[in-house]
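Subject: Structure for you to look over

Hello,

Here is the structure I said I would pass on. My notes on it follow below.

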Amino acid sequence: MGRVYNFSAGPAVLPEEVLKEAAEEMLDYKGSGMSVMEMSHRSKEFAAIIEEAEQDIRDLMQIPDNYKVLFLQGGASQQFAMIPMNLMKNGVADYIITGQWAKKAYQEAQKFGKANAVASSADKTFSYIPDCSDLPIDEDADYVYICENNTIYGTKFKTLPNTKGKTLVADVSSCFLSEPVDVTKYGVIYGGVQKNVGPAGVVIVIIREDLITEDVLPGTPTMLQYKTHADAKSLYNTPPAYGIYICGKVFKWIKKQGGLAAMKERNEKKAKILYDFLDQSKLFKGTVVKEDRSLMNVPFVTGDEELDAKFVAEAKKAGFVNLKGHRTVGGMRASIYNAMPIEGVEKLVAFMKQFEAENLK
Ligand SMILES: *Cc1c(COP(=O)(O)O)cnc(C)c1O
């Protein structure tokens, strides 16, 4: 069997072109006689890799000069602590709880100060985004925190919350580089790259310069201070070098596709194929309110657990893998990130139609 259509939520599908290029360069990166994996992170070859990667993501997202781009480790989950440790100057922050990742960030922040849950969609199993136009934002809040695309539940903020002048911090792990973004609306944008950008092991933090200070919570380890990494241009210690190299290739691939506007157009087209089918299907049904649907993660169910399991198993045999929903919610989920080709979604829908015809009682 060759390559499958991989609908995993993460680590997830990467562009085949990128993988092939990396394979070609595996033994001898540009005449260096070694793999990027074997290379000093202080070498001129790697300096060029990380500098180009930074420039390319700056170009793609039109990141203003007063924002730093940091390539860190520890996954998105480490940011749940790093954010309050670095940003909670008043010891207060407001969290909007739209799923498990936002909830985990909120719980972690409680270790460091007063974290308020100012809105939540837990009442309807996170199947929608709450109205965030007039929230009870704490006067002393150092920031307002959102998880912009909810990987598990398949919802996405279509408009950003009204933070009433407070700094917005967003976890964009599962919608990173999926559409154009106005960076100036945020204080911090961050994401683990293993969803939509690259291999596991890298987290990218885009942070406004005035938020990078020495005034952090007492006891904050050197490695968990943004200033450490900003001052050292992400080379304070050994960075996740190979992962950064692959991210750089993905940035170039996105540029070649036409940038984030082109990505958005493609992602909308792909999502529409799947949602249109779900909306008219008599067997499958989407679980998210229409206006808050994610372009990246599409959860759906048949309403019958046994049938769900049968679908996942038969889909796998047919070459559509990792369609099982998150272990905490069940059902199915198709993650259709940037690197999932349109034909992957078209073929999945054709398979779903066939399954429906065979299994509709
Ligand atoms: C996967 C995910 C995380 C956790 O990422 P790790 O890198 O495993 O820590 C956090 N937030 C969102 C939105 C995610 O999708």
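I start with a salt bridge between Glu-214 and Lys-227, whose closest N and O atoms are 3.8 Å apart. Bear in mind throughout that this is a predicted model. Glu-214 sits in the loop between strand E10 (203–208) and helix H5 (226–231), while Lys-227 belongs to helix H5, so the pair ties together parts that are 13 residues apart in sequence. Glu-214 is exposed, at 62% relative accessible area. Lys-227, at 22%, is partly exposed. Elsewhere, salt bridges with shared partners join Glu-52, Asp-56, Asp-59, Lys-252 and Lys-255 into one network.

Other salt bridges

Over the whole structure, the search finds 24 salt bridges. One of them pairs the side chains of Arg-58 and Glu-54, with an N to O distance of 2.9 Å. Both residues are in helix H2, and because they are four residues apart there, about one helical turn separates them. Arg-58 has a relative accessible area of 14%, which is under the 20% cut-off, so Arg-58 counts as buried. Glu-54 has 25% and is therefore classed as partly exposed.

A further salt bridge joins Arg-208 and Asp-210, and here the closest N and O atoms are 2.7 Å apart. Asp-210 is partly exposed, with a relative accessible area of 48%.

The ligand

Which residues are around the ligand? They are Gly-75, Ala-76, Ser-77, Phe-80, Trp-101, Cys-147, Asn-149, Thr-151, Asp-171, Ser-173, Gln-194 and Lys-195. Sorted by class, this shell has four nonpolar, six polar and two charged residues. Helix H3 (residues 75–87) gives the most to the shell, with four residues.

In the side chain of Thr-151, an N or O atom is 2.4 Å from an oxygen atom of the ligand. For Lys-195, the corresponding distance from a side-chain N or O atom to a ligand oxygen is 2.5 Å. The side chain of Asp-171 has an N or O atom 2.6 Å from a nitrogen atom of the ligand. On its own the ligand has 390 Å² of accessible area, and the protein covers 86% of that.

Lys-104 lies in helix H4 (residues 100–109) and is partly exposed, with a relative accessible area of 40%.

A surface patch

Which residues make the nonpolar surface patch of about 330 Å²? The patch is made by Met-26, Leu-27 and Met-37. Leu-27 is found in the loop between helix H1 (16–24) and helix H2 (44–61). With a relative accessible area of 72%, Leu-27 is over the 50% cut-off and so counts as exposed. Helix H2, at one end of that loop, is also the helix that holds Arg-58 and Glu-54.

When you open the file, I would begin with the residues around the ligand, then go to the salt bridges and the patch.

Regards

Note on methods. Residues numbered from 1 in each chain as written. Predicted model: local features only at pLDDT ≥ 70, side-chain atom pairs only at ≥ 80, totals over all residues. Heavy atoms only, no water. Patch = residues over 30% accessible without salt bridge, like charges linked within 9 Å, V, L, I, M, F, W, Y side chains within 5 Å. Areas by Shrake-Rupley, 256 points an atom, 1.4 Å probe, with all protein chains shown as cover. Salt bridge = Lys/Arg side-chain N within 4 Å of Asp/Glu carboxyl O. Helix = DSSP H or I, 4+ residues; strand = E, 2+ residues; numbered from the N terminus. Buried < 20%, exposed > 50% of the residue type's maximum accessible area, 1.4 Å probe, protein only. Near = heavy atom within 4 Å. Polar contact = N/O pair within 3.5 Å; in protein donor to acceptor, adjacent residues only side chain to side chain. Nonpolar A, V, L, I, M, F, W, Y, C, P; charged D, E, K, R; others polar.
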